[in-house]
Amino acid sequence: MEIMIEYFIQIMGAVRAWSDNIIAGIATYLSNPIEFVEFYTFAVRWIFPVLAMAIFVRCILPLLRGGGSNRIWGFLEIKDAYRIPILHWENSIGRSKLSDIVINLPFISRSHAVLSYGENGWTITDLGSKGGVRVNGEIIEHAGSVEIGDTISFATAEFQFVPEEEGAESIKRKSKLDWLAKLGLNLSTGRTFLFILVFQLLGGMQIYLSMGEEASIRVFFIFLLLIAAECIYYFVLSKFSGKYRELELLIYFLCGMNLLVVGSVVPESLTKQLAAILLGMIAYAAIQFIIKDVGRGRKLKYILVGCSVLLILMNLTIGEARFGAKNWINLGFITFQPMEFVKVAFVLAGTATLDKLLTTRNLTAFIGFSGACIAALILMRDLGTSVIFFVTFLVVAFMRSGDIRTIAFISAGAVLGAFAVVSFLPYIASRFQAWGHVWEFADTIGYQQTRSLIAVASGGLLGVGGGNGYLVGIPAADTDLVFGILCEEWGLVVAVCTVLMIIFLALFVLFLLRSCKSSFYAISACGAVSIFLIQTALNVFGSLDLLPLTGVTLPFVSNGGSSMVVCWALLSFVKAADERYRLDWDPEAGPVEAEEEEGD
């Protein structure tokens with residue numbers, strides 16, 4: 001017993017001596033500004049990866065809870081038999097298993113009809129079925145209106161159109177699998193938001209301290225303004241919106257990384273970039289409000305397409321060339337990239353309702369607009385953006401037509417066109433010359449990529465600390481090579497979490513597709529995330545020499561006012577596609593006491 005006590009006393013003495021040394025070391029660091037900065041950088045380098053991973057997980061899990069739509073719009077009922085719920089504003093009806101409403105009877109055509117909701121109420125459209133469609137006994141030649149209580153006949157199968165209120169089970173539908181409940185997790189949105197604010201506050205302090213004698217309190221003040229704007233917007237969402245807030249939280253994190261990159265490379269642009277983030281938030285809210293009504297969304301489509309044509313013409317006539325591409329307009333008081341704003345119109349131009357998709361499959365207007373955009377980009381020598389537009393066109397065109405042969409034919413023509421462009425435009429051809437072996441051109445056309453690869457390797461898992469990297473001196477470090485900056489200064493863990501957040505947006509849209517109440521929202525959301533995905537691939541793989549360097553920004557993260565505003569605008573299409581309510585929100589009464597907000 002005495003021996004054990006003696007060992008315990010010795011151990012406690014060693015621990016006390018060790019703690020005294022630690023405290024003395026910290027005191028020494030605090031008494032010396034340079035050593036304090038080194039100590040602070042050392043400490044937060046371990047905190048940032050943990051926070052980034054926690055934020056990522058805590059945001060995606062709540063977004064993936066609850067599967068289907070919260071709303072049933074009505075029923076097709078067979079008297080004294082069963083009723084089929086109407087889950088969308090456009091519903092394909094037929095014998096095919098791919099139909100939204102499957103009627104597995106031999107006299108029903110595979111694609112028989114479409115029941116859709118528009119500005120004039122519900123309509124039924126005959127898709128050239130053999131048995132025909134009747135409303136209250138009257139045959140429908142092409143399309144006719146449907147009222148609540150009407151009898152709709154598909155060949156000899158009769159259904160009554162029953163309103164939602166008569167179906168008690170139509171109030172809400174919950175997912176069969178609630179992943180958070182099955183895992184026993186109860187994630188607080190407020191705590192996730194707090195993690196993001198802590199990350200941004202510590203990161204802003206890191207950038208401020210890394211500037212040394214050139215540090216300006218304005219830099220740290222910019223981060224405080226961002227935090228204040230996020231808090232105000234979060235409060236508004238909490239009080240007036242019943243949708244999940246984690247999507248905005250993901251983007252808050254990405255915008256924080258944007259300011260950290262800008263503060264490290266070009267701190268004089270911090271004010272401009274903060275203004276772009278605030279304008280992006282306003283555009284995000286405004287577009288959501290407009291497209292909440294599909295009729296307004298369609299009108300907005302035509303307005304934006306008209307403005308886009310004007311912007312393209314201005315770019316071709318008075319545009320300025322930077323880094324080899326003529327994709328800037330300088331009005332004296334403001335400089336912007338017009339083709340960034342055309343992306344929003346491009347996505348909207350591809351939207352259509354399901355009845356039009358199945359009856360006409362008319363892509364002529366969209367193909368014409370797409371061709372004009374891509375041709376203009378080739379004339380501007382903007383290879384990266386032309387690739388983004390083309391891939392987005394393929395995604396939207398497939399969703400509208402469902403015809404793989406047509407898409408394959410268009411792709412084959414595009415490949416031939418690409419070979420012609422590369423052959424006749426030496427500037428674009430030079431981008432491919434160093435692809436795959438940039439070290440052979442380390443001091444010429446491969447200079448940027450080789451330095452980016454060195455930065456990625458030198459950053460390791462934790463990074464060297466914000467503002468301490470060497471890649472900041474390389475041209476386009478804060479735009480085209482931003483993934484290299486993230487890896488070098490903030491570490492591979494934070495960089496990968498940042499990229500995964502953008503990739504998750506695409507997976508999230510796939511998760512939402514079946515519950516979208518309208519094809520308008522489904523197509524626009526898919527178009528938006530297609531732009532995010534292809535930009536991310538071109539930026540990250542381009543900086544790592546896995547793809548040619550095309551001069552494309554990383555969504556929400558790269559420096560650029562036009563890009564930031566447009567990314568927020570495109571995000572509004574993703575948000576509009578999500579019709580689910582939070583568990584702490586009653587669609588009729590508003591917010592209610594939420595058990596999941598009590599803690600983890």
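Me: What counts as a salt bridge here?

Reply: Side chains of opposite charge can pair when their charged atoms come close. The term requires a side-chain nitrogen of Lys or Arg within 4 Å of a carboxyl oxygen of Asp or Glu. The model is predicted, so local features need pLDDT of at least 70 and side-chain atom pairs count only at pLDDT 80 or more, while totals for chains, interfaces and linings use all residues. Residues are numbered from 1 along each chain as its sequence is written, and side-chain values use heavy atoms, with hydrogens and water left out.

Me: How many salt bridges are found in the whole structure?

Reply: The search finds 5. One of them joins E340 and K343, with the closest N and O atoms 3.1 Å apart.

Me: Where do E340 and K343 sit?

Reply: Both are in helix 9 (residues 338-349), 3 residues apart, which means about one helical turn between them. Helices are DSSP runs of H or I with at least four residues, strands are runs of E with at least two, and both are numbered from the N terminus.

Me: Is E340 buried or exposed?

Reply: Buried means under 20% relative accessible area, exposed over 50%, and partly exposed in between (1.4 Å probe, protein chains only). E340 has 8% and is buried; K343, at 1%, is buried as well.

Me: Which residue pairs with E579?

Reply: K517 does, at 3.7 Å between the closest N and O atoms. This pair links distant parts of the chain, 62 residues apart. E579 is partly exposed at 22%, whereas K517 is buried at 9%.
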